[in-house]
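The following note sets out points on pockets, aromatic pairs and core packing for the file under review. Please read it alongside the coordinates.

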Amino acid sequence: MDTPPSGPAPLERLLAERACERVVVDFVHRLDLGEPGSVAELFAPDGVWEWPAGGRRVQGREALRAYFGSRPAGRLSRRMCANLLVTAGSATRATAVTYFATYRVDGHTGGLVPARPPVNIGHYEDVLHGEGGEWRIAHRTLRLAFGGETERLGRT
C-alpha cells in the first residue's frame, strides 16, 4: 500500500503559499504607503508581533493597531523585501522567512530625500494560519542583523 504524501496537495500548496506571500507583501505596503495601523487586519485576532532583541512584544489586533498606528507624523519609510520563502506545511499552517532593508527618516514634510544607507537590515520569521481561504499572521518575529537610529530631518 502506498503511503499518502505529507502536507497539502501541490495545487493547494501553491495557492496557500501565494496567499501567504500576499499577506507578507501587504504588510510592508501598508506600513510604507498605506495606513500603518491597518496592518493589524493582517494578523490573526490573537496574533503576535515581536522583536526579542528590542524587548518588544505586541499581541492582539487592537494592541497591534495602536502600536503600528502610533508611528510619528512625518515618518517616511520604504522597506525592500527579498528572498521570500513560504512553506505551507498543511492546508491551515505555513511559515515564511523574508529578508528586508528599511530606509527611514522622520520629520519629512515632502519632496525627495537624498539617498542614504538603510536604517535596518534583517529578516522576518512568520507563522501564518489559514481558514476558509483567508491567511493571517499568527506570529511575526523580527530579527535584525544590522541596525541604527532613525535620522530626523531638519536637525541643526
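1. The largest pocket has a volume of about 480 Å³. A pocket here is an open set of points on a 1 Å grid over the protein atoms alone, where a 1.4 Å probe fits, with protein on both sides within 12 Å along at least five of seven lines; lining residues have an atom within 4 Å of a point. Points are joined across faces, edges and corners, and the volume is the space filled by probe spheres set on them. Lying closest to the centre, among 21 lining residues, are Arg56, Tyr67, Arg75, Arg79 and Arg104.

2. This is a predicted model, in which local features need pLDDT of at least 70 and side-chain atom pairs count only at pLDDT 80 or more, while totals for chains, interfaces and linings use all residues. Residues are numbered from 1 along each chain as its sequence is written, and side-chain values use heavy atoms, with hydrogens and water left out.

3. Two or more residues of the lining of the largest pocket come from each of α1, β1, α2, β4, β5 and β6. Helices (H or I, at least four residues) and strands (E, at least two) are DSSP runs, numbered from the N terminus. Strand β4 gives the largest share of this lining, three residues.

4. The second largest pocket has a volume of about 220 Å³. Its lining includes Leu76, Arg78, Tyr103, Arg104 and Arg116, and β3 and β4 each supply at least two of the lining residues.

5. The structure holds seven aromatic pairs. Rings of Phe, Tyr and Trp (its six-membered ring) pair if their centres lie within 6.5 Å; planes under 30 degrees apart count as stacked, over 60 as edge-to-face and the rest as tilted. Trp49 and Phe68 are edge-to-face, at 5.6 Å centre to centre and 80° between the planes. Because Trp49 lies in strand β1 and Phe68 in helix α2, the pair ties together parts 19 residues apart in sequence.

6. Is Phe68 buried or exposed? Phe68 is buried, with a relative accessible area of 6%, and Trp49 is buried at 5%; Tyr67 is partly exposed at 26%. Buried means under 20% relative accessible area, exposed over 50%, and partly exposed in between (1.4 Å probe, protein chains only).

7. Leaving aside neighbours within four places in sequence, Phe27 is in contact (heavy atoms within 4.5 Å) with residues including Val39, Trp49, Phe68, Tyr124 and Arg140. Ring pairs link Phe27, Phe43, Trp49, Tyr67, Phe68, Phe100 and Tyr124 into a cluster.
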